[in-house]
Amino acid sequence: HPSQGVSLGDNVTLRCHLPRMAAWVWLYQERGWSYNKGKEKEQNAAEFFFVSTKREHAGRYRYQYRVSRSVGASEKSDPLELVLTDHSYSPPSISIHPEQCVEMGTNITISCWNKDYGAAFLLHKDGSSAPIKHQDPSGGGAANFTLLAVTPADSGTYRCSYHPRGYPFVSSPLGDSVMLEVTPTAAPPGGSEPPICMPPVMDGWLCLCIQSAWGLWLAIGTPKLPDPTGAEEQSRANLVMALVRGFVAALVFGLGVFFVIDARSLWIRRDDNCGAPPVTVSV
């Protein structure tokens, strides 16, 4: 405790939760020192305190316990990392490419760099308790983090930090932030699917006419002037587009009515033929 954001000089408590009552607990620092704690009364938890932490306190820890003198010690626990922030290091710089506001599916690159101290860079996202990406550059003092085919879930604020060379459990302060906003891809106005032809009301070439008219409708779209100079030009463009769209709609409607009537006449003629008496041929 605390679980994150611990700086050099802070007071830290490492708490070991034991699966059963034990009389002795040992805390080990990998490649470092060990500390044991024993009590006359058995316990199911043990706390180890660090007052005014120093660099040598940073590292990876495991604990081990023993129930009694007659029983052997347990296996060592899973590791716990204590990372300390050293504010004497300058924070890293950050940039985002191609831009901060993109459509869904775009590939994004977030670059972090610090030419003086940076060795291993970490990418953080606000709201995540741990770094979301980690990269060890080859001595260049910079790292590029790529987010492939981003979705709205990737929107948020990103920052970088780094581990100075030779201190894997010491961190720089977080640097400046960049904001990523991912917007869903907008559907074309009116939808992109052409009208469905339903035989036998519409034959093949009528389908082709209607689908061609639909394609013209979508191709017209919303008028966009390259460099509008005033409301009057925009109003004229909107009027022209409205007239063209009205003509296309009338054309589609007229063709549909005509061929519905034509198809109905065809069905009437077929019914008349079916009701006529059979033709006999004699020699």
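Analyst: A residue is called buried when its relative accessible area is under 20%, exposed when it is over 50%, and partly exposed in between, with a 1.4 Å probe and protein chains only. By that rule Cys-16 is buried, with a relative accessible area of 4%, whereas Cys-101 is partly exposed, with a relative accessible area of 41%. The model is predicted, so local features need pLDDT of at least 70 and side-chain atom pairs count only at pLDDT 80 or more, while totals for chains, interfaces and linings use all residues. Residues are numbered from 1 along each chain as its sequence is written, and side-chain values use heavy atoms, with hydrogens and water left out.

A disulfide is taken here as a pair of cysteine sulfur atoms within 2.5 Å, and a search of the whole structure finds 1. It is formed by Cys-112 and Cys-160, whose sulfur atoms are 1.7 Å apart. The pair links distant parts of the chain, since Cys-112 belongs to strand β8 and Cys-160 to strand β12 (residues 156-164), 48 residues apart. Strands are DSSP runs of E with at least two residues, and helices are runs of H or I with at least four, both numbered from the N terminus. Cys-112 counts as buried at 1% relative accessibility, and Cys-160 is buried as well, with a relative accessible area of 1%. In general, a disulfide is a covalent bond between the sulfur atoms of two cysteines.

Strand β8, which holds Cys-112, also takes part in an open sheet of 3 strands, in the order β6-β8-β11 and with antiparallel pairing; two strands pair if DSSP finds at least two bridges between them. Because β6 (93-97) and β11 (142-147) each have a single partner strand, they stand at the edges, and one side of each is left without a neighbour in the sheet. Strand β8 (residues 108-113) is joined to β11 by 6 bridges, and the two run antiparallel. Within that pairing, Ile-108 stands opposite Leu-147 in β11.

A nonpolar core is a set of buried Ala, Val, Leu, Ile, Met, Phe, Trp, Tyr and Cys residues joined through side-chain atoms within 4.5 Å. The largest such core has 39 residues, and Leu-27, Ile-108, Ile-110 and Leu-180 touch the most other members. Strand β1 gives the largest share of this core, 7 residues.

Strand β1 (residues 12-29) pairs in turn with strand β3 (residues 59-66), in the antiparallel sense and over 6 bridges, and there Tyr-28 stands opposite Arg-62 in β3.

Rings of Phe, Tyr and Trp (its six-membered ring) pair if their centres lie within 6.5 Å, and planes under 30 degrees apart count as stacked, over 60 as edge-to-face and the rest as tilted. The structure holds 2 aromatic pairs. One of them, Phe-50 and Tyr-61, is tilted, at 5.9 Å centre to centre and 50 degrees between the planes. Phe-121 and Tyr-162 form a tilted pair, with 5.9 Å centre to centre and 50 degrees between the planes. Here Phe-121 lies in strand β9 (residues 118-125) and Tyr-162 in strand β12, 41 residues apart, and both Phe-121 and Tyr-162 are buried.
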